[in-house]
Amino acid sequence: EYDLAIHYLRESIRIDPVSPDARLALGSAWIQNGKFEAAVPELERAVQLDPHMSRAYFLLARAYQTLGRKEDAATALKKAQQGQE
């Protein structure tokens with residue numbers, strides 16, 4: 001039930017807008033729901049709040065790639081890989 005998860009995650013972010021984990025979870029739910037454009041700002045905000053979130057960079061790379069933003073995808077993937085070293 002990604003629609004329900006998205007609803008609750010949006011409410012969570014309304015309560016705590018600086019939670020990188022909530023942003024990551026919402027971005028992931030958007031991707032699982034096939035809404036890559038909606039996922040991008042949430043994942044961008046997640047890595048802005050916590051630049052060490054490798055998972056967020058991986059998901060961001062996937063979203064960018066799906067949206068045809070190949071250079072952005074490559075940059076995000078590189079940051080994800082750097083975070084795992």
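**Figure 1. Buried residues in the predicted model.** Of the 85 residues in the protein chain, 39% are buried. The structure shown is a predicted model.

**Figure 2. The helices of the protein chain.** The chain has five helices and zero strands, which gives the pattern α-α-α-α-α along the sequence. Its radius of gyration is 12 Å, close to the 12 Å that the globule rule gives for 85 residues, so the chain is as compact as a globular protein of that length. The C-alpha trace spans about 30 × 25 × 15 Å along its principal axes. Counting contacts between residues at least 6 apart in sequence, 41% join residues at least 24 apart.

**Figure 3. The largest nonpolar core, with 26 residues.** The members that touch the most other members are Leu 24, Ile 31, Leu 43, Ala 56 and Leu 60. At least two residues of this core come from each of helix 1 (2-15), helix 2 (20-32), helix 3 (36-49), helix 4 (54-66) and helix 5 (70-83). Helix 4 supplies the largest share, seven residues.

**Figure 4. The surroundings of Leu 24.** Leaving out residues up to four places away in sequence, Leu 24 touches Leu 43, Ala 46, Met 53, Arg 55, Ala 56 and Leu 59. Among these, Leu 43 and Ala 56 are also listed with Leu 24 as core residues that touch the most other members.

**Figure 5. Charged side chains.** The protein chain carries 11 positive and 12 negative side chains. The centres of the two sets lie 3 Å apart.

Key. Residues are numbered from 1 along each chain as its sequence is written. This is a predicted model: local features need pLDDT of at least 70, side-chain atom pairs count only at pLDDT 80 or more; totals for chains, interfaces and linings use all residues. Side-chain values use heavy atoms; hydrogens and water are left out. A nonpolar core is a set of buried Ala, Val, Leu, Ile, Met, Phe, Trp, Tyr and Cys residues joined through side-chain atoms within 4.5 Å. Buried means under 20% relative accessible area, exposed over 50%, partly exposed in between (1.4 Å probe, protein chains only). Helices (H or I, at least four residues) and strands (E, at least two) are DSSP runs, numbered from the N terminus. Contact means heavy atoms within 4.5 Å. The radius of gyration is taken over C-alpha atoms; the globule rule is 2.2 Å times the number of residues to the power 0.38. Lys and Arg count as positive and Asp and Glu as negative; His and the chain ends are not counted. The place of a charge is taken as NZ of Lys, CZ of Arg, CG of Asp or CD of Glu.
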